Amino acid sequence: MDQVARVILALEASEVAEEVMHVLDRSGRARVVATAGDDRQLAEAVRQLEPDVVVAEPGLLSGARACSVVLAIDVRESVSSLRTAIRAGAAGYFLWPKERDELLVAAAAAVRRAQQTARRGAVVAVHGGRGGVGVTFVATHLAAAFARRGSAILIDADPVFGDVAHVLGAPAGEEAEPTHTFADAAALGEDLGPEQLRSALWRHESEVDVLLPPPPEEAIRLGPEDLQLVTEAAAGAADAVIVHLPRALGAMTRVGAETSDSLVEVLTLDVVSFRATSRALEACAPLHLEGRVSFVVNKAARSEITSGDVHRVFGEPARAILPHDRAVRSAQERNRLLPSRGRMARRFDRLADTLSAPVVEEMAS
Ligand SMILES: Nc1ncnc2c1ncn2[C@@H]1O[C@H](COP(=O)(O)OP(=O)(O)O)[C@@H](O)[C@H]1O
Ligand SMILES: [Mg+2]
C-alpha cells in the first residue's frame, strides 16, 4: 500500500550506500529521501526532511537523535559496532547484505508505527445490557457530537444487523456499490492503515464517517480480530471512534470493550435494565474495565428509580441523563438524527466533552 517509509541513509562508504539505496528504493516499501556521509550532514537532513526512519552505520548514529526510528547497519559484525548502535538507541541492527530482507521489514514496520502513534483518537464503545435501552440512539448521536468537535468514525460491531447504517439511512445492497465495507477494510489485514480505512468510509450528513456493514452473509464472518484491526486504524484517522456493540457478551463485544478507552453503558430507569447492566459488568470483570466505564441514563422520565440510584448501585453518578423524547422515534423512522442544536444534542455535546480525554493513561505506554 502507500505506506512507503521515507528513509535517510547515512554511510561513509559510498559504494555500500549506493547498494543499500538501490535495494530500499526497489523494494517499494521504502524510499531514500537523502543520503549523508557524516553525522553533521545526517543531523541537518533529519531536521529538514523529518524522515520516518534513519538507516545508518553505528558510528554516524549520533546525528540521528531527532528521528524516532533508527536502524543500524554494518558490513561486518563486531561487538563495538553493536554496542555503539545500542547506545545510540537503534531499534535494530542488520548486517549488510545478509540481513537486507529483515532491514526492509523493519523499515516498513517503522512507518506503520509512526503513523499510529502520531495520532490516536479516543475510542468509545457503547453497550446496553438490555435490548431497546437506546444503544443505537446513543452511539449515533454521540458520534455526531464528536463530529461537531472534530472528526468521528462510527463502527457497528453488530454488522449482521447493521442498525447503525439503517438508522442513518446509509446506502445498502446494490446502491452501496462501490462503497467499501467493514469486510473490505478488514480484508486488507496488516496493510490496513488510517489512510486505507479513511477511503472506505461513508459520510453521513452529520459529518460522521461510517464504516458500513457488508451484506449479512459476509458480516457473519467478521470476528473480533477484524474489529480490532479496523478500530486501531480508525483511531489513527479521526479524533474519536465510536463502536456500537452488540448486546450479547460474545467475543466481538468483549474485544470491542477491551479495545476502547471508555465504555458507555446505556441504561434506563427500571429494575430490569439495572439488573442487566450489573450482570454485564460482572461478566466483564476479567477484562478489568475499572475506571473506564461510564453510565448514561436514557429515556429518563418520572419513575420510582431515579438517576441518583445509578450512583448508589454502580458507585458512580450517571455521566448523562437523556430524557424520554418522542422526537427520537419519529426522527429514527425518517432515518434522521435529532437536530444538532437542540436540547438533546447539547447533552451529547457535554457527554462527548467528558469522554474525549482518554480515561486510561497507561494505554499510551
Ligand atoms: N431518549 C429517547 N426517547 C424516546 N425514545 C427513545 C429514546 N432513545 C431511544 N428511543 C427509542 O427506543 C427504541 C430503541 O432504541 P435503540 O436506540 O434502537 O435501542 P437499542 O439499540 O438499545 O436496541 C427506538 O424506537 C428509539 O426510537
Ligand atoms: Mg440497536
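Here's a quick briefing on the domains, helices and voids of this predicted model.

The model is predicted, with local features needing pLDDT of at least 70 and side-chain atom pairs counting only at pLDDT 80 or more, while totals for chains, interfaces and linings use all residues. Residues are numbered from 1 along each chain as its sequence is written, chains are lettered from A and ligands numbered from 1 in the order in which they are written, and side-chain values use heavy atoms, with hydrogens and water left out.

**Domains**

- The chain splits into domain 1 (5–117) and domain 2 (121–364), with bounds from an automatic or database domain assignment.
- Taken over C-alpha atoms, the centres of domain 1 and domain 2 sit 42 Å apart.

- Helices (H or I, at least four residues) and strands (E, at least two) are DSSP runs, numbered from the N terminus.
- Helix H11 (residues 251–259) has Met252, Thr253, Val255, Gly256, Ala257 and Thr259 buried, meaning under 20% relative accessible area (1.4 Å probe, protein chains only).
- Those buried H11 residues pack against strand S6 (122–128), helix H7 (182–187), helix H10 (224–235) and strand S11 (262–267), where contact means heavy atoms within 4.5 Å.
- Asp325 caps the N-terminal end of helix H14 (residues 326–333), with a side-chain oxygen 2.9 Å from the backbone nitrogen of Ala327.
- Just after H14, Asn335 has a positive phi of about 55 degrees.

**Largest pocket**

- A pocket is an open set of points on a 1 Å grid over the protein atoms alone, with protein on both sides within 12 Å along at least five of seven lines; lining residues have an atom within 4 Å of a point.
- The largest pocket has a volume of about 550 Å³, counted as the space filled by probe spheres set on the points, which are joined across faces, edges and corners.
- It has 26 lining residues, and Gly132, Val133, Gly134, Lys299 and Gln332 are the closest to its centre.
- S6, helix H5 (135–149), strand S12 (293–300) and H14 each give two or more residues to this lining, and H14 gives the most, with five.

**Largest cavity**

- A cavity is a set of grid points where a 1.4 Å probe fits but cannot get out.
- The whole structure has one cavity of 30 Å³ or more, and the largest cavity has a volume of about 60 Å³.
- Phe137, Thr140, His141, Val167, Val328, Ala331, Gln332, Arg336 and Leu337 line the largest cavity, and H5 and H14 are the elements giving two or more residues to that lining.

Methods:
Polar contact = N/O pair within 3.5 Å; in protein donor to acceptor, adjacent residues only side chain to side chain. Buried < 20%, exposed > 50% of the residue type's maximum accessible area, 1.4 Å probe, protein only.
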